[in-house]
Amino acid sequence: MEQIRSTPQHPDRRPTSTEGPRIVVIGAGPTGLAAGYRLRELGYTNFRLLEASGKVGGLASSETSPNGFTYDIGGHVLFSHYEYFDRLFDRLMGDEYQELVREAWVWMCERFVPYPLQNNIRTLPREVVLECVLGLIEAQREPLDLARIENFEQLIMKQFGSGLAKYFMMPYNFKVWAHPPRMMNKEWIGERVALPSLERVLGNVILDRDDAGWGPNNTFKYPRYGGTGGLFARMQPYVQDQLRLNATTVAVDTRRKEVLLADGTREPYDLLLSTMPVDKLVAMLEGPTPDVVREQAGRLRHSGSYVVGIGVDRPVETSKCWMYFPVDDCPFYRLTYLSNYSPEVVPDHTRQHSILAEISHSELKPEDRETVVDRTIEGLINTRILRESDRALIVDRYLIERDYTYPTPSIERDGALAVLHPWLETQDIYSRGRFGAWRYEVGNMDHSVAQGVEWVNRIVQDDLANELTYQAKRGC
Ligand SMILES: Cc1cc2nc3c(=O)[nH]c(=O)nc-3n(C[C@H](O)[C@H](O)[C@H](O)COP(=O)(O)OP(=O)(O)OC[C@H]3O[C@@H](n4cnc5c(N)ncnc54)[C@H](O)[C@@H]3O)c2cc1C
């Protein structure tokens, strides 16, 4: 994108004091960008936005390979729970976006089943259907007593039953989270997991009915240009005057209230909004920090990802959007036909298509970086996404790696956050966003934007009740 040198007049700009406390924001991902955008919208300029990398967008940015294929950092599906986000999207994108109908599938038993699996098991082999239905009946014999459920695995067994657990929920969730479900809490689920209704599952099996309409993201938008990152790149002009790229925070001096940067410069703050991973933030605090804060930060768990982009020199043969893979003959848990989202992510969509594969890793699920691209290609052939003859048509292989991609909703998480966030706030440090708040359930792009905006509303407008997203209190 062309470098923009001056901040455009904000369309909704309202006059307020330009003084007020000096705010420093660490990170120009969706949360930090949205905070900056909102500050400018309110006419507030006494802030600095520090970004370690050379561009904005964070995990919601995109990369273009030397061969001209654009890839996101994992499949990003944009859907919104907020009017503010909708207006922002419209303002930034105009009509330069695609509107898509979700076509999500699960690959298992050597076939594709529409998502969510539990509502569509009728297409599986009869003995598997029977095992899933009997397991579900057994599991749901007694009403669910959430108070007695201690972890995600127990919830799976009580709600999905042993059949669905065996074929999908247990292997798939381990592949995504790189943590076994017994290490995860049950609080994050909300609208992220479709809980099965016995009546619906049975009805679909007996009436041979397709049922793929679950969930909030059955239609979604995607930028026509620049991948997912095309959206956030368009926020940059609004914060350009306050933005410092290639500005990595290496320490925060809580006594002097200064952020120390890798180039040796310092940024003083009255209030600090940090969107970097909160465990890393705590590790770089200089100043008196209670042991319990450091201990609790060390208890948070996360996973990282290898995202493999593959460009193929033949037109795509399907309208599928993304697919889940609980099976073990491929390393990825999800694939996206990215060129079905926008024709502009490949050099020539009339004769090419692109696939994005996501592979998680953690200390509990190590993945070999050196072989991950080759193993992905083998997996694409094993799962019949590509044919043997397609090997010769692969014209792009691109690896994106990030150590922090999923903040694990682990059993210890909420206890740790209950210590960390209140203490940080006593130091005038506010940790927000996907890894700042560390709450996966409010860690999507729209939530992250909302967290940035609501924090500003709280600080600048004294709107104390307004941080509902960060508190995960809004029904979202
Ligand atoms: C694999 C994957 C799939 C996803 N799918 C979806 C989806 O389908 N739909 C959806 O809505 N969302 C999705 N998301 C979530 C989306 O990417 C996040 O909501 C969003 O990027 C979070 O924004 P953030 O600003 O809180 O954090 P980030 O995007 O992580 O941004 C933080 C920024 O801080 C910077 N930073 C870190 N450390 C420092 C430092 N020391 N100094 C200075 N800067 C620093 C980073 O470089 C980064 O730019 C997905 C994420 C991943 C990883």
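Nine bridges join strand 15 (residues 302–312) to strand 18 (residues 353–361), and the two strands run antiparallel. Helices and strands are DSSP runs numbered from the N terminus, helices being H or I of at least four residues and strands E of at least two. Strands count as paired if DSSP finds at least two bridges between them. The model is predicted: local features need pLDDT of at least 70, side-chain atom pairs count only at pLDDT 80 or more, and totals for chains, interfaces and linings use all residues. Residue numbers start from 1 along each chain as its sequence is written.

Gly304 has His361 as its bridge partner in strand 18. Strand 15 is mostly covered, with ten of its eleven residues buried. A residue is buried if 20 or more other C-beta atoms lie within 10 Å of its own, exposed if 12 or fewer, and partly exposed in between; the C-beta atoms are placed from the backbone.

A second open sheet has four strands in the order 12-11-10-14, with mixed pairing. Its edge strands are strand 12 (266–268) and strand 14 (285–286), each of which pairs on one side only. Strand 10 (residues 249–253) and strand 11 (residues 258–261) are antiparallel and share four bridges. Ala251 stands opposite Leu260 in strand 11.

The protein chain is assigned domain 1 (23–56 + 235–300 + 410–466), domain 2 (61–102 + 217–223 + 302–407) and domain 3 (116–206). The bounds come from an automatic or database domain assignment. The C-alpha centres of domain 1 and domain 3 lie 37 Å apart. Six residues of domain 1 are in contact with nine residues of domain 3. On the domain 1 side, the touching residues comprise two nonpolar, one polar and three charged. Ala, Val, Leu, Ile, Met, Phe, Trp, Tyr, Cys and Pro count as nonpolar, Asp, Glu, Lys and Arg as charged, and the others, Gly among them, as polar.

The ligand is surrounded by 36 residues. The closest are Gly27, Gly29, Gly58, Gly74 and Gly433. A residue is near a molecule if its C-beta atom, placed from the backbone, lies within 6 Å of it. By class, the shell holds 13 nonpolar, 19 polar and four charged residues. Helix 1 (30–41) and helix 13 (445–460) each supply at least two residues of this shell. Domain 1 and domain 2 both give residues to the shell, so the ligand lies between them.

Cys109 lies in the loop between strand 6 (104–108) and strand 7. Phi of Cys109 is near 50 degrees, a positive value in a residue other than glycine. Cys109 is partly exposed, with 14 other C-beta atoms within 10 Å. Glu110 is found in the loop between strand 6 and strand 7. For Glu110, phi is near 60 degrees, again positive in a residue other than glycine. Glu110 is exposed, because 9 other C-beta atoms lie within 10 Å. The peptide bond from Tyr115 to Pro116 is cis, with omega near -5 degrees. Pro116 sits in the loop between strand 7 and helix 3. Leu146 is placed in the loop between helix 3 (126–139) and helix 4 (152–159). Leu146 has 10 C-beta neighbours inside 10 Å, so it counts as exposed. Its C-alpha atom is separated by 47 Å from that of Val346, 200 residues apart along the chain.

Conventions:
Contact = placed C-beta atoms within 7 Å.
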